[in-house]
Amino acid sequence: MDNDHLNRHLHLRAYACIDQKNLIRNLDTLKALHPNKQIILMLKANAYGHGLLKIAELLDGRCDYFGVASVEEGVKLRNHGVIKSQIMIFSGFFCAKLSQALIEFKLIPVIHSLYQIDDLKNYLRQEFAEIWLKVNTGMNRLGLNQYDFEKAYQQLAKKHTINVMTHLAESENPDPRFTQQQLACFYQRIRNKNFQHISAFNSSAVLFHPFEDHTDTIRVGLALYGALTLSKTQYSKPLAPVMSLYSRIIAIQHLKPGDSVGYNRQYIADKIKKIAIVSIGYGDGYPQMTPNGTPVIINNQRYPTVGKVSMDLMAVDITNAPETITIGTSVMLFGSALPIEEVAHAIGTSPYALMTGISPRVQRVYE
């Protein structure tokens with residue numbers, strides 16, 4: 001750990017350090033894999049927990065679009081006042097009232113259902129209006145089926161230039177067959193039609209799939225922040241972690257054999273133990289379901305968590321640690337020295353859930 005960095009934040013009980021250089025480096029890496037393509041950068045869910053407005057400021061002008069989930073997220077970006085990039089709304093437009101916000105804040109809707117088209121009549125009259133149709137090829141969440149896609153295309157293509165996308169369900173899977181099936185379906189659906197932009201590849205597809213590519217626009221989310229899905233941990237990762245989560249030791253307990261720590265006695269000492277109490281818990285987004293043995297880093301060494309994570313506190317076994325670990329010593333929960341993929345796997349969750357679950361009371365510091 002960088003001691004200067006740790007000393008700068010001695011007053012913070014828990015904080016997420018956001019490495020701005022790694023963020024830009026990851027973006028450059030992803031762009032280099034698919035040069036000459038447009039790029040959509042996903043900023044939904046508070047930029048995957050990294051801080052929506054700050055991350056947007058850092059990336060504005062380095063991409064073609066920002067992608068968010070809801071109209072509310074898009075409005076928040078526009079109200080920030082300095083964001084110039086186009087903003088796409090992937091799932092949050094579902095009524096006529098929201099279509100007025102699309103006009104007022106110049107947001108771009110992704111059309112996934114026919115009912116949306118009727119609510120977009122006023123929007124489509126605007127000079128800046130842009131249309132993306134989403135095709136369902138196997139994800140079966142949002143997206144037009146074959147019949148509705150044909151109907152939407154015929155209705156809109158007469159008067160408007162339109163774009164098209166689909167969503168890959170398991171592009172992180174080393175077995176490429178379902179992804180190949182989805183792409184074949186997508187390319188068949190859009191054949192002999194005119195689109196300004198075509199998008200299918202998400203983070204994992206951008207990184208790992210050498211499929212025949214008939215698209216001109218990529219979308220990246222998790223990879224931008226330096227993480228991969230769990231099944232890709234066997235690959236060499238050409239990315240750098242952007243978020244490192246830290247807390248501090250605020251108490252030390254000494255257990256006798258048979259003593260327990262925390263709620264429900266999830267951990268019972270089998271011999272004399274020295275336990276560090278760390279000032280972070282599920283109220284900060286570190287999962288309550290974390291099992292005994294999940295690693296943390298203290299002074300460049302790994303130590304196991306013990307006991308049930310509570311709202312504000314968790315416990316770590318430092319029995320074999322040197323005396324230099326004391327009150328105030330910093331603890332890394334995941335980040336530059338401890339891959340988030342490994343921690344997520346130990347907990348039984350995903351990097352997505354771990355990142356986006358970090359709560360607002362954990363201060364983000366940008367360095």
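**View 1. Helix α2 and its buried residues.** Buried residues of α2 are Asn22, Leu23, Ile24, Asn26, Leu27 and Leu30. Buried means under 20% relative accessible area, exposed means over 50%, and partly exposed lies in between (1.4 Å probe, protein chains only). The cover over these α2 residues includes β2 (38–42), α4 (52–59), α11 and β9. Contact here means heavy atoms within 4.5 Å. Helix α2 spans residues 20–33, 14 residues in total. From first C-alpha to last it reaches 21 Å, close to the 20 Å expected at 1.5 Å a residue. That expected span is 1.5 Å times one less than the number of residues. Helices (H or I, at least four residues) and strands (E, at least two) are DSSP runs, numbered from the N terminus. An α-helix has 3.6 residues a turn, so residues three or four places apart point the same way.

The model is predicted: local features need pLDDT of at least 70, side-chain atom pairs count only at pLDDT 80 or more, and totals for chains, interfaces and linings use all residues. Residues are numbered from 1 along each chain as its sequence is written, and side-chain values use heavy atoms, with hydrogens and water left out.

**View 2. Helix α6 and the residue that follows.** Helix α6 covers residues 96–104. Its buried residues are Leu98, Ser99, Ala101, Leu102 and Ile103. Among the elements covering them are α5 (71–80), β4 (86–89), β5 (108–111), α7 (115–119) and α8 (121–124). Just after α6, Lys106 takes a positive phi of about 50°.

**View 3. The largest pocket.** Its volume is about 640 Å³. The lining holds 31 residues. Lys44, Tyr48, Arg141, His167 and Tyr352 lie nearest the centre. At least two lining residues come from each of α3 (44–48), α11 (203–208), β9 (217–220) and α13 (351–356). Helix α3 gives the most, with 3 residues. By class, the lining has 16 nonpolar, 9 polar and 6 charged residues. Ala, Val, Leu, Ile, Met, Phe, Trp, Tyr, Cys and Pro count as nonpolar; Asp, Glu, Lys and Arg count as charged; the others, Gly among them, count as polar. On a 1 Å grid over the protein atoms alone, a pocket is an open set of points where a 1.4 Å probe fits, with protein on both sides within 12 Å along at least five of seven lines; lining residues have an atom within 4 Å of a point. Grid points are joined across faces, edges and corners, and the volume is the space filled by probe spheres set on the points.

View 4. Ile268 lies in β12 (residues 267–268). Ile268 counts as partly exposed because its relative accessibility is 42%. Beyond residues up to four places away in sequence, Ile268 touches Gly258, Asp259 and Ser260. Pro257 is 11 residues from Ile268 in sequence and 7.7 Å away in space, C-alpha to C-alpha. Arg265 sits in the loop between β11 (260–261) and β12. Arg265 is not a glycine, yet its phi is positive, about 50°. With a relative accessible area of 46%, Arg265 is partly exposed.

**View 5. Asn300 in its loop.** Asn300 lies in the loop between β14 (295–298) and β15 (301–306). Its phi is near 70°, a positive value in a residue other than glycine. Asn300 counts as exposed because its relative accessibility is 52%.

View 6. Cys95 is partly exposed, with a relative accessible area of 26%. Cys185 is partly exposed too, at 22% relative accessibility. The disulfide count is 0, where a disulfide is a pair of cysteine sulfur atoms within 2.5 Å.
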